[in-house]
Structures are given as C-alpha cells and as structure tokens.
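The sequence and the model are shown below.

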Amino acid sequence: MASDNMKMRAQLKGAVTEVKVLMSHPMETGRRKDDGDRLIPAHFVQLLTATLNGEPVLEAQWGTGISKNPYLTFRLYGAKVGDIIAVTWHDNLGETATQQIIVS
Amino acid sequence: MQRRNFLTLLFGATAALFWMPINAVATAWNRAAFETTKLNEATSSLGIIEEIASDAILINAPDKAENGAIVQIEVKSNIVNTETISILVEKNPTPLIAHFKFGHGAEPFVVTRIKMAETSDVKIIVKAGSNYFTNAKNVIVLENGCG
C-alpha cells in the first residue's frame, strides 16, 4: 500500500514524546448500504502496533467503531530526538500499511 | 496419488495460503469481544469479571456530539501499572470499540475518534495487575454516525 497512507508526527516535549497518526482507511462496519441498497462489506483495521527503535510500545485491537480515516495520539517516555517510531496496521481483508517517523 | 486425495491436498494448500496473512492478525484480534452485540459479553470476553469505579480514569469527550460519525475521545489513566485501556460504547451495535495495550515506556494515554450510533455512555475499562477499573462519560449524539 502507498506510503502516503499514514501521516505521522512525533515531537519530544519535555520528557514525553507525543505521536500523532492519521490513517487513510474506509472503516466500513458491514452494516452500511450503498445506493443500490446492497450491504457494503465490512472493511476495517483490526490491529495496530507501534514500535520505538524496533521495540513494541503499543498494541491496539480495533473494532468497526473507530471512525473512518482513523486518528490516534499516543505518548512515550524515554524517546530521544532521532529515535525511530514505526506504526503498522492490519485490516480484516489482509491489507497492511507501515509508516515510520523520526522523533523531532 | 488418487485424484480425490490430490484435490483435497490442493484445496487444503490453497486454503492455507489464502488464510495465512489474515490468521496472523486473527490470533491477536479478540473476535468474540469485538463481534458481540452485548456489553456484558464484550467485557467477559476480555476476561473482566469485576470492575471497580475509579475517578483516576480521566475521560475527555464532548458533552454533545453534532455528528456521531466522528467523536473525539481522550483517555488518560492515573492508575499505577495500567496495562490496558478498553473503550466501549454501551448503545453501539457492537459495544467494544478499541482495546489498547501499553508497554515499555508508553504512557497510559490515548486520543482517538469513534463512531456513536446514539446518545450513550462511553465506558472505559483499565486493567492494572489483576484488577479492572472503570469510569464512564455520557455523550449526547445529535446525528447518528453508524451505518
């Protein structure tokens, strides 16, 4: 999937690094109908993982109740400027995307 | 090799190939908890038996949401040794929204945007050690966000 799927920012503020992630994903519940009254199949991110320099820091399981184009902020202690934070998601149709950002 | 055996083998191999990438995620994803339409089944599928009410779970959410399709929720746990934060919406078709697990220097804090079908409590459950703590905030939804 295209690397522009995720927009990320990681900023060190004092002792805490705040990471903001905006993903591009339809997050279809499977209960919505199209114009022809046909059900649109469920299509949603199920698993999201974040790592700091390769070490897992956050693991999220999601259902269909996360909004379209998911947004997430999380905070890390002990990260330094230049450290690498990576976020990966997997959805229910086997699609996946990864993006990484350097702490600034 | 008999034709039937060959076909069975071929089908099995194809099925294994097809399911493999999804399975890796499926093992980590709590299907029972996320697919149930009942709040108590969602919590029991997460292994929660008893919840203790706690003001040390801070929920920042709007009192009124214009559009239930996008409701921003901020959750912070001041409970020592917080391991997980779960977000549930009592009156959504499937109440469990998200389950976050924190490790290695991650603050028990999260901001995300959720869908709300109607006016409901947003219920947060925090796991710390073997205990579960809970807090809730009511959000009035003016226009529903579920389809």
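## Strand pairing around β5 of chain A

In this predicted model, strand β2 of chain A (residues 16-23) and β5(A) run antiparallel and are joined by seven bridges. Within β5(A), A:Tyr77 is the residue that stands opposite A:Val16.

Strand β5 of chain A spans residues 71-77 and is mostly covered, five of its seven residues being buried. Strand β5(A) is also joined to a strand of chain B: two bridges link it to β7(B), residues 109-114, in an antiparallel arrangement. Here A:Leu72 has B:Thr112 of β7(B) as its bridge partner.

## Strand β2 of chain B

Strand β2 of chain B covers residues 57-60, and its side chains alternate along the strand.

The partner of β2(B) is strand β4 of chain B, residues 71-77, with which it pairs in the antiparallel sense over four bridges. In this pairing, B:Ser77 of β4(B) stands opposite B:Ile57.

B:Ser54 belongs to the loop between β1 (51-53) and β2 of chain B. The relative accessible area of B:Ser54 is 10%, so this residue is buried. When neighbours within four places in sequence are left aside, B:Ser54 is in contact with B:Ile79, B:Phe133, B:Thr134 and B:Asn135.

Note on methods. Residues are numbered from 1 along each chain as its sequence is written. Chains are lettered from A and ligands numbered from 1 in the order in which they are written. This is a predicted model: local features need pLDDT of at least 70, side-chain atom pairs count only at pLDDT 80 or more; totals for chains, interfaces and linings use all residues. Side-chain values use heavy atoms; hydrogens and water are left out. Buried means under 20% relative accessible area, exposed over 50%, partly exposed in between (1.4 Å probe, protein chains only). Two strands pair if DSSP finds at least two bridges between them. Contact means heavy atoms within 4.5 Å.
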